[in-house]
Amino acid sequence: MIKAKNNLDGLEIKLGVKFKNLDLLRIALTHPSATNEMGVKRHESNQRMEFLGDAVLDLIVANYLYKQNKEWNEGELTVESDKLVSGATLAKIAAQINLDRYLILGKGLISQSGRDNPSILAAAFEAVVAAVFIEGGYELAHNMVVQLYSKYLYAVEEVENSKKQLQEYLQSQKRPIPEYRTVESIGEPHKLTFTVEVVIDEQVMGVGVGTKKIDAEQRAANNALKELNA
């Protein structure tokens, strides 16, 4: 078993998880490049956990989006889920919790700035998700992921609920409901980009752009809310 030289207390605090079996977390942090140098078997690297963590993360994100966005169709759920579990997003979250400080890498990778490699960071984060899942089950993994993803998930919800929020705000002010006007649609027929204005009291209060008209309307409404509350 590989023993990490660095103290993992700080990482546990960032994750919001206190491990009873700390070896799980150590394995999740161990890149295959370290196994030969440290004289341990390759299965003690994080590759197997990465496989499991990928599946667990997909389920958590899909379940969250499915429950929180009841009007979305399969395509909309897929597009947003793909963004949230992309390597780029995983690497950002790994950086957010300073995962690079705790990685156990081979000397060659360390000399090649392996700690800053987005794919290594993304894979390690997936392995950490698996470690948490093995340690405490789905609920513990779910709570950790939602906490770490909060700014990404809430950003989605903020925009997606904007049309409803704008209408409720205007009704509370006894003002007419907003009107959405598509002012431009450009691109190939199968890949259009829409520009939409939201008009309130005959005044343009927000503009939004999106590859779907509903997305453009939501962004226009979100911008109108910001203008009204400025």
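## Terms and basis

A residue is called buried when its relative accessible area is under 20%, exposed when that area is over 50%, and partly exposed in between, using a 1.4 Å probe and protein chains only. Accessible areas come from the Shrake-Rupley method with a 1.4 Å probe, and for residues only the protein chains shown count as cover.

The model is predicted: local features need pLDDT of at least 70 and side-chain atom pairs count only at pLDDT 80 or more, whereas totals for chains, interfaces and linings use all residues. Residues are numbered from 1 along each chain as its sequence is written, and side-chain values use heavy atoms, with hydrogens and water left out.

## The chain as a whole

The chain contains 12 helices and 3 strands. These elements are DSSP runs numbered from the N terminus: helices are H or I runs of at least four residues, and strands are E runs of at least two. Of the 230 residues, 44% count as buried.

The chain exposes about 12800 Å², of which carbon and sulfur atoms supply 50%. Contact here means heavy atoms within 4.5 Å. Among contacts between residues at least 6 apart in sequence, 55% join residues at least 24 apart.

## Nonpolar cores

A nonpolar core is a set of buried Ala, Val, Leu, Ile, Met, Phe, Trp, Tyr and Cys residues joined through side-chain atoms within 4.5 Å. The largest such core has 48 residues, and those with the most contacts inside it are Leu15, Leu29, Leu57, Leu99, Phe125 and Tyr149. Several helices each supply at least two residues of this core, including α1 (9-15), α4 (47-68), α8 (118-136) and α10 (150-160). Helix α8 gives the most to this core, with 11 residues.

Leaving aside neighbours within four places in sequence, Leu15 is in contact with Leu25, Ile97, Val128, Met144, Gln147 and Leu148.

## Salt bridges

A salt bridge is a side-chain nitrogen of Lys or Arg within 4 Å of a carboxyl oxygen of Asp or Glu. A search of the whole structure finds 7 of them. In one, Glu12 pairs with Lys18, the closest N and O atoms being 3.1 Å apart. Glu12 is buried, with a relative accessible area of 5%, whereas Lys18 counts as exposed at 60%. Asp9, Glu12 and Lys18 are linked in a network of salt bridges.

Another salt bridge joins the side chains of Lys83 and Glu80, at 3.8 Å from N to O. Both residues lie in helix α5 (residues 74-84), 3 residues apart, about one turn of the helix. Lys83 is partly exposed at 44% relative accessibility, while Glu80 is buried at 13%. The side chains of Glu179 and Arg181 also meet in a salt bridge, at 3.2 Å from N to O. Glu179 counts as partly exposed at 39% relative accessibility, and Arg181 is partly exposed at 37%.

## The strand pair

Two strands pair if DSSP finds at least two bridges between them. Strand β2 (residues 191-200) and strand β3 (residues 203-210) run antiparallel and are joined by 7 bridges. Val199 stands opposite Val204 in β3. The hairpin of β2 and β3 has 2 residues between the strands, and in it Asp201 takes a positive phi near 55°.
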